[in-house]
Amino acid sequence: MTAILNKLGEVFNHWRISREDPFLLLVRTVLSQNTNDRNSFAAFSNLTSRFKTPEQLANATVNEIKELIKVGGLYQEKAKRLKEISRLVLEKYRGNLKPVLEKPIQEAREELLSMPGVGRKTADIMLAFWSGHDIIPVDTHVFRVSKRLGFAKNKDNYDEVKAKLELATPPGRRIEAHILLIQLGRNYCRSRNPLHNQCPINRLCPVGTRYVEPSRPSRRRAHPQ
Ligand code: SF4
């Protein structure tokens, strides 16, 4: 994994990790589920132009939320979830998620998973990007790429892929691995028509090596007799 991360680090950006308000990070992550970045950013920015706090969102109607996040896909379901989450954060945590995210990782994960609409990926994103835990959240790109690279098997589930990737990744580089593998998946290791030939790590990938031209031995010059 080290060689892969080093190579990908030369090609892609390291995103800045912003420690935004944890509630807004949760809203952003819920909106990113099963949709592309462009649409989820648009939905987030529409929504937060009107409602930013758990209180404001809990008091908004589901229809108001739906209208604002329509561009983001699965908006009917997400609108209901966002309202339920906001109400829970307001009533159970007095509008503040920081104390949950500051708990020991397993405790915090279980508490996040008990919230409506919060699955393992969303919980792990909160724990990595807000709490700073050295873990690898597994999104759809990380899932696909890690299987093609041979770190995980096709039948592995979320927790198995995560555990295998974390074991293969040097401590301290796991959030970086999450970020770089996502960019690899978006730009080269796409679900359909992956660009094996142009992939920056094709020489390090069991699939990619089939597409790499073997280097030709250099021709010997004939010396005049
Ligand atoms: S060589 Fe192909 S399969 Fe391997 S990481 Fe690159 S795009 Fe994915």
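In which helix does Arg186 lie? In this predicted model, Arg186 belongs to helix H12, which spans residues 174–187. Arg186 is partly exposed, because 14 other C-beta atoms lie within 10 Å, a count between the limits of 12 or fewer for exposed and 20 or more for buried residues. The C-alpha atom of Arg186 is 9.8 Å from that of Val142, and the two residues are separated by 44 positions in sequence.

Helix H12 also packs against helix H1, which comprises residues 2–11. The axes of H1 and H12 are 10 Å apart and form an angle of about 65°, and the crossing of H1 with H12 is left-handed. On the H1 side, the contact is made by Leu5, Leu8 and Gly9, which meet Glu176, Ala177, Leu180 and Leu184 of H12. By class, this contact consists of five nonpolar residues, one polar residue and one charged residue.

The ligand is surrounded by 13 residues, and the closest of these are Cys189, His196, Cys199, Cys205 and Gly208. The shell around the ligand contains nine nonpolar, three polar and one charged residues.

Over the whole chain, the secondary structure amounts to 12 helices and zero strands. The C-alpha atoms occupy a box of roughly 90 × 35 × 30 Å along the principal axes. Of the 225 residues in the chain, 35% are classed as buried. Among contacts with a separation of 6 or more, 59% involve residues 24 or more positions apart.

Technical notes. Residues numbered from 1 in each chain as written. Predicted model: local features only at pLDDT ≥ 70, side-chain atom pairs only at ≥ 80, totals over all residues. Near = placed C-beta within 6 Å. Nonpolar A, V, L, I, M, F, W, Y, C, P; charged D, E, K, R; others polar. Helix = DSSP H or I, 4+ residues; strand = E, 2+ residues; numbered from the N terminus. Axes fitted to C-alpha atoms, helices over the stretch in contact; angles between N-to-C directions. Left-handed = near helix turned anticlockwise from the far one by under 90°. Contact = placed C-beta atoms within 7 Å.
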